[in-house]
Amino acid sequence: MSEDRYQLGLEKLAEIDGEQGQKVVDALQSIAPEFATLMIEFGFGDIYSRPGLDLKSREMATVAALTALGNAAPQLKVHLHAALNVGCSPNEIVEVLMQMALYAGFPAALNGLFAAKEVFAERGIALAETPTP
């Protein structure tokens, strides 16, 4: 069963994170290859593969959580790429990051917005104007 979990997780990781996810797995090989296996089996084989939420919803929740933590910028950037990969628009991502100002504070929201700015620049994404209230 573990091999099935690993294979399912590896496929889901590739679908969501693509090259960014593989970079994380590769970086773990020299220090904690077992952790990479756990991340693939549990995180992507067991959790991301569940039917209860679509991948877009899962990534929006992940972006919000990592932003709220305030100390996970590298992981946030990986999941900002993932959110774009699974169909989140840049404007939706910005709105989620702005929402975090209410629950995680302005510094966390600012850090999230600056991480998104970097990711968008890497991908050549320009934001469409959104109406202000």
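Predicted model: local features only at pLDDT ≥ 70, side-chain atom pairs only at ≥ 80, totals over all residues.
Buried means under 20% relative accessible area, exposed over 50%, and partly exposed in between, with a 1.4 Å probe and protein chains only. I began with Phe42, which at 48% relative accessibility counts as partly exposed.

Residues are numbered from 1 along each chain as its sequence is written, and side-chain values use heavy atoms, with hydrogens and water left out.

**Phe42.** I placed Phe42 in helix H2, residues 33–47. Helices here are DSSP runs (H or I, at least four residues), numbered from the N terminus. I then looked up contacts, meaning heavy atoms within 4.5 Å. Leaving aside neighbours within four places in sequence, Phe42 touches Arg5 and Ile47. I also checked Gly9. It sits 33 residues from Phe42 in sequence, and the two C-alpha atoms are 7.5 Å apart.

**Salt bridges.** I counted a salt bridge where a side-chain nitrogen of Lys or Arg is within 4 Å of a carboxyl oxygen of Asp or Glu. The structure holds six. Arg5 came up again here: it pairs with Asp46, with the closest N and O atoms 2.7 Å apart. This pair links distant parts of the chain, as Asp46 is in helix H2 and Arg5 in helix H1 (residues 2–28), 41 residues apart. Asp46 is partly exposed at 27% relative accessible area. Arg5 is partly exposed too, at 22%. Glu41 joins Arg5 and Asp46 in a network of salt bridges.

Next I looked at Glu92 and Lys56, whose side chains meet at 3.1 Å, N to O. Glu92 is partly exposed at 30%, and Lys56 is partly exposed at 28%.

Lys23 and Glu19 form a salt bridge at 3.4 Å, N to O. Both lie in helix H1, four residues apart, about one turn of the helix. Lys23 is partly exposed at 46%, whereas Glu19 counts as exposed at 57%.

**Cores.** A nonpolar core is a set of buried Ala, Val, Leu, Ile, Met, Phe, Trp, Tyr and Cys residues joined through side-chain atoms within 4.5 Å. The largest one has 19 residues, and Val63, Leu76, Leu80, Ile93 and Phe120 have the most contacts inside it. Helices H3 (55–69), H4 (73–85), H5 (90–104) and H6 (106–122) each give two or more residues. H5 gives the most, with five. A second, separate core of eleven residues includes Val25, Ala36, Phe44 and Tyr48.

**Helix H4.** H4 has 13 residues and spans 18 Å from first C-alpha to last, close to the 18 Å expected at 1.5 Å a residue. The expected span is 1.5 Å times one less than the number of residues. Among its buried residues I listed Leu76, His79, His81 and Leu84. Gly87 follows H4 and has a positive phi, near 110 degrees.
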